[in-house]
Amino acid sequence: MRVTFGRLFVAAAFVAAPMAAIAAPVPIVPAKADGPMATARKALDEVGDMNYRDRTLNDVLNDLKEKSRVSVVLDNGVLNFGLDPNQPVVTVNLKQVKLREGLKAALAPYNLKFGLTREGLYISTEEGVITAQLRQRVTIDCDGTDFAISIRQLADETGANVVVDPRLGEKAKAAVTLKLEDVPLETAVRLMAEVVDLRAVRMNNVLFVTTPEKAKALREDADGPTRPLPVNPVFPFSDGGGILPVPGVIGGFGGFGGVQVAPAVEAVPDKPVAAPPQPAPVPQAPPAPASGTTAPAAPATPPPPPPSR
């Protein structure tokens, strides 16, 4: 079985800006302990002091990126909720804490969360992080590989929480034969589970794979499938340092969910204007009788009533 991804996740993705690449199919094996995702998890568990006073969110994120060597991606969509990452509002003073705990404290005033993806450390709302993790595009080429091994590599390579029910026993070792190209991770996991007669249920940011019976019982408390994020159109208007978002589009300085068109403004006069007077109708003469005909006589005046006695 081989698993490849639409965008190859390599160590450089954590050091420089994310870039697309095509990965050649590789045999599926457990991810190495020193792989890029493992390196990022190790960086989040490093202990140290975090001391920022009246710093902008951008300053904090750039500083953490430089120190941890982990790429940090801020979801442009959150800017449409009034977030200004250039305001000096971050104040954190923590001693000997894990980087992940300090980052939680720095993001808490913004009601933001973070999670690992192939692009690096992704920061957004809770739902935004879940969607970014579970809708990463993947390509699957399984040819009789154990289901549990396939799922484990998907989780290791993408940073998503995909858990196989430990009570499955031998069912988790069922052979998977499936080929998918450029599909969301969540879709791939659900279909891989389906072909071995298992089911995947989403519980917040976790895809839990179990038997159909247990999945049916869990669905009453489970979350439905994730939905795609709004389309973020990008146009090649640059300031010399990269592509700029367009005003009125997600990531720009106005609008939400696409281009916003201002409604037409109807001109209103300062004072009400009276309607022009209409000319009085001109009385029309009755039509003349036709030639050879006699005009009808006027009705006779009725006689007065007799005097009362």
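These are my notebook entries on what I looked up in this predicted model.

**Entry 1: the whole chain**

I began with the overall picture. The chain holds 8 helices and 13 strands. Of its 309 residues, 37% count as buried. I then looked up the accessible surface, which comes to about 19500 Å², with 58% of it belonging to carbon and sulfur atoms. I also checked how far along the sequence the contacts reach. Among contacts between residues at least 6 apart in sequence, 65% join residues at least 24 apart.

**Entry 2: helices H3 and H4**

Next I turned to a pair of helices. I reminded myself that two packed helices are described by the angle between their axes and the distance between the axes. Helix H3 covers residues 57-68 and helix H4 covers residues 99-107; I found them packed at an angle of about 170°, with their axes 11 Å apart. Angles over 145 degrees count as roughly antiparallel, and that makes H3 roughly antiparallel to H4.

Which residues make the contact? From H3, I listed Leu57, Val60, Leu61, Leu64 and Ser68; from H4, Leu99, Leu103, Ala106 and Leu107. By class, the residues of this contact divide into 8 nonpolar, 1 polar and no charged.

**Entry 3: the buried side of H4**

I stayed with H4 and asked which of its residues are buried. They are Leu99, Gly102, Leu103, Ala106 and Leu107. Looking down the axis of H4, I saw these buried residues fall within an arc of 130°, so they line one face of the helix.

What do the buried residues of H4 pack against? My list has helices H2 (36-44) and H3, along with strands E2 (47-56), E4 (88-98), E5 (113-117) and E6 (120-124).

**Entry 4: helices H6 and H7**

Helix H6 (residues 147-158) and H7 pack at an angle of about 170°, with their axes 11 Å apart. H6 and H7 are therefore roughly antiparallel to each other. On the H6 side, the contact is made by Phe147, Ser150, Ile151, Leu154 and Thr158, and on the H7 side by Leu185, Val189, Met192 and Ala193.

H7 spans residues 185-195, and its buried residues are Leu185, Glu186, Ala188, Val189, Met192 and Ala193. Down the axis of H7, the buried residues fall within an arc of 160°, so they line one face of the helix. After H7 comes aspartate 197, and I noted that its phi is positive, near 60°.

My last stop was strand E8 (residues 161-164), where asparagine 161 has its place. Asparagine 161 counts as partly exposed because its relative accessibility is 32%. Leaving out residues up to four places away in sequence, asparagine 161 touches Asn205, Val206 and Leu207. I also looked up its C-alpha distance to isoleucine 130, 31 residues apart along the chain, and found 9.7 Å.

With 35% relative accessibility, valine 163 counts as partly exposed. Which residues does valine 163 touch, not counting those up to four places away in sequence? I wrote down Val206, Leu207, Phe208 and Val209. The C-alpha atoms of valine 163 and valine 201 are separated by 10.0 Å, and these two residues are 38 residues apart along the chain.

Methods: Residues are numbered from 1 along each chain as its sequence is written. This is a predicted model: local features need pLDDT of at least 70, side-chain atom pairs count only at pLDDT 80 or more; totals for chains, interfaces and linings use all residues. Side-chain values use heavy atoms; hydrogens and water are left out. Buried means under 20% relative accessible area, exposed over 50%, partly exposed in between (1.4 Å probe, protein chains only). Helices (H or I, at least four residues) and strands (E, at least two) are DSSP runs, numbered from the N terminus. The arc is that of the directions from the helix axis to the C-beta atoms. Axes are lines fitted to C-alpha atoms, for helices over the stretch in contact, and angles run from 0 to 180 degrees between N-to-C directions. Angles under 35 degrees count as roughly parallel, over 145 as roughly antiparallel, 65 to 115 as roughly perpendicular and the rest as oblique. Contact means heavy atoms within 4.5 Å. Ala, Val, Leu, Ile, Met, Phe, Trp, Tyr, Cys and Pro count as nonpolar, Asp, Glu, Lys and Arg as charged, and the others, Gly among them, as polar. Accessible areas come from the Shrake-Rupley method with a 1.4 Å probe; for residues, only the protein chains shown count as cover.
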